[in-house]
Amino acid sequence: MNTHLSILSEVKQGNYKILARALTFVENNIAPADQILKNLNPRAENIVIGITGPPGAGKSTLVNAITNHFTAANKRVAILAIDPTSPFNFGSLLGDRIRMAAQFNNPKVFIRSLATRGALGGISAKTIEMVDVLKASNFDIILVETVGVGQSEVEIAGLADKTIVVLVPESGDEVQNIKSGLMEIADCFVINKADRDGADTFANNLKKIVHQGLKSIPVLKTVADKNTGVTDLCKWILKPVEMTNERKVHLFAEKAWRIIQNQKMMAVDKKRLQENIQAALVKDDFNVYRFAEEFVKL
């Protein structure tokens, strides 16, 4: 049997060791990554949930609580936790490995951390590809926790079947951004840490804004570290996905665009790019747009 077919067979059966290896191949463009991706047959019955929101909203704690709920119901859960990459040393904290330590010995849970690789919205082409590999396995639910960085969070909409935007009672400034960004992608707003002052007022204000939109978006309250409100959120997660054909076309077009972009960029030698930039910066007439155009022609 071909190597990639053997890998896919093991992935489909839920072999975590082989799955981790396949994800490493895909993440780093190591053969047979290309053949693995082209021969994927993602399972339609598993669901991808995107969880995003500003830093400090308790996304990882909420993911942990959601995972506990579903594994208690004998469901298999995959978690892809995305952490920001430093633009200077390309290192990543990958703090979710610490925050979700309690899940590592759970046989029903698979956790993978992923650096953003410079994608400002927390979603790169690699994220899309790795989620598709996870969808080809036998998980019931795939949770993707992304970096919360404002309006560029909208990129998660091109990946998830449902998107949860996590806020906290102090997220007053975030409300200002809702109409211009989050409203477009949120399928559910979750006000976490709802035991804090102002949670009810914030929830009511958010509901008023939501009701002005074209689609009905639930606003739920949780206290993830106390497991409050998590059951209602998980019930919403299991509801059938309601997606218009128009939105599906848009999401898959966005997905294809990112994959094409990634393939086009593979030919770019980043080390040579930095060397050329270093030389060009000393010139008085340096213009990054002219530089990029000329570099592509080299």
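Is asparagine 227 buried, partly exposed or exposed? I looked this up to get started, and asparagine 227 is partly exposed, with a relative accessible area of 47%. My cut-offs were under 20% relative accessible area for buried, over 50% for exposed and partly exposed in between, using a 1.4 Å probe and protein chains only.

**Ground rules**

I am working with a predicted model, in which local features need pLDDT of at least 70 and side-chain atom pairs count only at pLDDT 80 or more, while totals for chains, interfaces and linings use all residues. Residues are numbered from 1 along each chain as its sequence is written, and side-chain values use heavy atoms, leaving out hydrogens and water.

**The whole chain**

I found twelve helices and seven strands in the chain. These are DSSP runs numbered from the N terminus, with helices (H or I) of at least four residues and strands (E) of at least two. Of the 298 residues in the chain, 48% are buried. I then looked at contacts, meaning heavy atoms within 4.5 Å. Among those between residues at least 6 apart in sequence, 77% join residues at least 24 apart.

**Cores**

Next I checked the nonpolar cores, each a set of buried Ala, Val, Leu, Ile, Met, Phe, Trp, Tyr and Cys residues joined through side-chain atoms within 4.5 Å. The largest has 42 residues, and Leu19, Leu134, Val144, Phe189 and Leu206 touch the most other members. Helix H2, residues 16–27, gives the most to this core, with six residues. Another core lies apart from it and has 27 residues, among them Ile47, Ile141, Leu143 and Leu220.

How are H4 and H9 oriented to each other? Helix H4 (residues 59–72) and helix H9 (residues 230–238) pack at about 75°, and their axes are 10 Å apart. I note that the axes are lines fitted to C-alpha atoms, for helices over the stretch in contact, and that angles run from 0 to 180 degrees between N-to-C directions. H4 is therefore roughly perpendicular to H9. On this scale, under 35 degrees is roughly parallel, over 145 roughly antiparallel, 65 to 115 roughly perpendicular and the rest oblique.

From H4 the contact takes Leu62, Ala65, Ile66, His69 and Phe70, and from H9 it takes Val230, Thr231, Leu233, Cys234, Ile237 and Leu238. I sorted them by class and got nine nonpolar, two polar and no charged residues. Here Ala, Val, Leu, Ile, Met, Phe, Trp, Tyr, Cys and Pro count as nonpolar, Asp, Glu, Lys and Arg as charged, and the others, Gly among them, as polar.

**Two buried threonines**

I found threonine 52 in strand E1, residues 47–52. Threonine 52 is buried, at a relative accessible area of 0%. Its side chain and that of threonine 146 are joined by a polar contact of 3.0 Å. For such a contact I need a pair of N or O atoms within 3.5 Å; within protein, one must be able to donate a hydrogen and the other to accept it, and residues adjacent in sequence count only if both atoms are side-chain atoms.

Threonine 222 sits in the loop between strand E7 (219–221) and H9, and is buried too, at 1% relative accessible area. A polar contact of 2.9 Å links the side chains of threonine 222 and asparagine 192. Leaving out residues up to four places away in sequence, threonine 222 touches several residues, including Leu62, Lys193 and Val230.

**Backbone notes**

Most residues other than glycine have a negative phi, and most peptide bonds are trans. With that in mind I went back to asparagine 227, which lies in the loop between E7 and H9. Asparagine 227 has a positive phi of about 65° and is not a glycine.

Lysine 193 also has a positive phi, near 55°. I place lysine 193 in the loop between strand E6 (188–191) and helix H8 (199–210), where it is partly exposed at 23% relative accessible area.

A cis peptide bond joins alanine 31 and proline 32, with omega about 5°. Proline 32 belongs to the loop between H2 and helix H3 (33–38).

**Toward the chain ends**

Lysine 12 is in helix H1, residues 3–12, and is exposed, with a relative accessible area of 57%. Ala136, Ser137 and Asn138 are what lysine 12 touches, not counting residues up to four places away in sequence. Valine 296 is in helix H12, residues 288–297, and counts as exposed at 69% relative accessibility.
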